[in-house]
Amino acid sequence: MAEALRRVLDAGRACGAGEDGAAGPPLLLLGTPRSAQTSLLFAAALEAAGEGRGPVLFLTRRPLQSLPLSTPAARDHWRLQKVRFQYPSSIQELLHLLASAHEAPGPALSLLLLDGLDEYLTEDLGAQEAAYVAALLLDTAAYFSHRLGASGSCGLVVALETQKEADGDVPHLTLLQRYFPAQCWLTPDALGLGQHHCLRASLDLGKPSLRTEWSVTFLSRGEMKIGPWPYQASKPSSDKKGPSAGSQPAALVGDNLSGPQFPLDGILTSGTGVDSNS
């Protein structure tokens, strides 16, 4: 997976992207509607942008409406300048962008993010076409990893929305999971009280010993608090490597939110970039 996302969920306590700058296996970020996938992708983009390596490419079908301007990372204009936003509006545009990414001038990407793969898969794609999309995403990340060489590798995180908490409603999900060995599931949590909205983030790297869980809470003013999953301490610890259950949650505060509970899940503006002054 992209280590930038793990560092976001670990609230800055993880130890970087590895000694060799490895980004980890490709990751599918899965969740039901309004599960804050966009928020976590953007937080991962800012995290990777602060590593001092290559720029970050953030692909989404529609421009972001707002940014969490009160976070320390988002106030760092140098980080924002390293996040490039592009908005392929159809599967054909997405495939063309990925196929021609190697022709773009400039330094190699350190992280490739795609928000809303499900919106492209709804265009009556067959299994062969879905496999081609996945393979092209992997090939693009592999190309930039080769360009980065000894300085590290290019991470890849793809967000896919499910209509339910089950697998069966997503076209070709089983096929995609073969291409993306790591998955992070975002599911609603009954611990949410009042205007608070809680999610359970479960990261699975393909092995039981590498499964970790977090609690992600959105407060009424758009504050996002991330901490270890409350029940993790009561489960067997032999297959967990997550943060200590006694750790205090870290808070990320957002401004100009699209709603009181979901900082970046409302996206509907035009243009080719994000206005950080909005």
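Two residues are in contact when heavy atoms of each lie within 4.5 Å. This is a predicted model, in which local features need pLDDT of at least 70 and side-chain atom pairs count only at pLDDT 80 or more, while totals for chains, interfaces and linings use all residues. Residues are numbered from 1 along each chain as its sequence is written, and side-chain values use heavy atoms, with hydrogens and water left out.

**Stop 1: Leu 113**

Select Leu 113, which sits in strand E4, residues 111–115. Helices (H or I, at least four residues) and strands (E, at least two) are DSSP runs numbered from the N terminus. Leu 113 has a relative accessible area of 0% and is buried. Buried means under 20% relative accessible area, exposed means over 50%, and partly exposed is in between, with a 1.4 Å probe and protein chains only. Now show what surrounds Leu 113: not counting residues up to four places away in sequence, it touches Leu 41, Ala 45, Val 56, Leu 57, Phe 58, Leu 59 and Val 157.

**Stop 2: Asp 115**

Stay in strand E4 and select Asp 115. Asp 115 is buried yet has no salt bridge, and Arg 62, the nearest side chain of opposite charge, is 8.2 Å away. Here Lys and Arg count as positive and Asp and Glu as negative; His and the chain ends are not counted. A salt bridge requires a side-chain nitrogen of Lys or Arg within 4 Å of a carboxyl oxygen of Asp or Glu. What the side chain of Asp 115 does have is a polar contact with the side chain of Thr 38, at 2.6 Å. A polar contact is a pair of N or O atoms within 3.5 Å; within protein, one must be able to donate a hydrogen and the other to accept it, and residues adjacent in sequence count only if both atoms are side-chain atoms. Beyond four places in sequence, the contacts of Asp 115 include Thr 38, Leu 41, Phe 58 and Ala 159.

**Stop 3: helix H2**

Twelve of the 13 residues of H2 are buried. Select residues 37–49 and check the length: at 1.5 Å a residue the helix should span 18 Å, and its end C-alpha atoms are 18 Å apart, which agrees. The expected span is 1.5 Å times one less than the number of residues.

**Stop 4: the nonpolar cores**

A nonpolar core is a set of buried Ala, Val, Leu, Ile, Met, Phe, Trp, Tyr and Cys residues joined through side-chain atoms within 4.5 Å. Which members of the largest core touch the most other members? Of its 39 residues, they are Leu 9 and Leu 29. H2 gives this core its largest share, nine residues. Around Leu 29, the contacts beyond four places in sequence include Leu 5, Leu 40, Val 158 and Leu 186. Another core, of 35 residues, lies apart from it, with Ala 108, Leu 125 and Leu 173 among its members.

**Stop 5: the salt bridges**

The count is two salt bridges. One joins the side chains of Arg 62 and Glu 119, at 3.1 Å from N to O. Arg 62 is in the loop between strand E2 and helix H3, and Glu 119 is in helix H5, 57 residues apart. Next select Glu 213 and Arg 200, whose closest N and O atoms are 2.9 Å apart. Glu 213 lies in strand E8 and Arg 200 in strand E7, so the pair ties together parts 13 residues apart in sequence. Glu 213 is buried at 2%, whereas Arg 200 is partly exposed at 21%.
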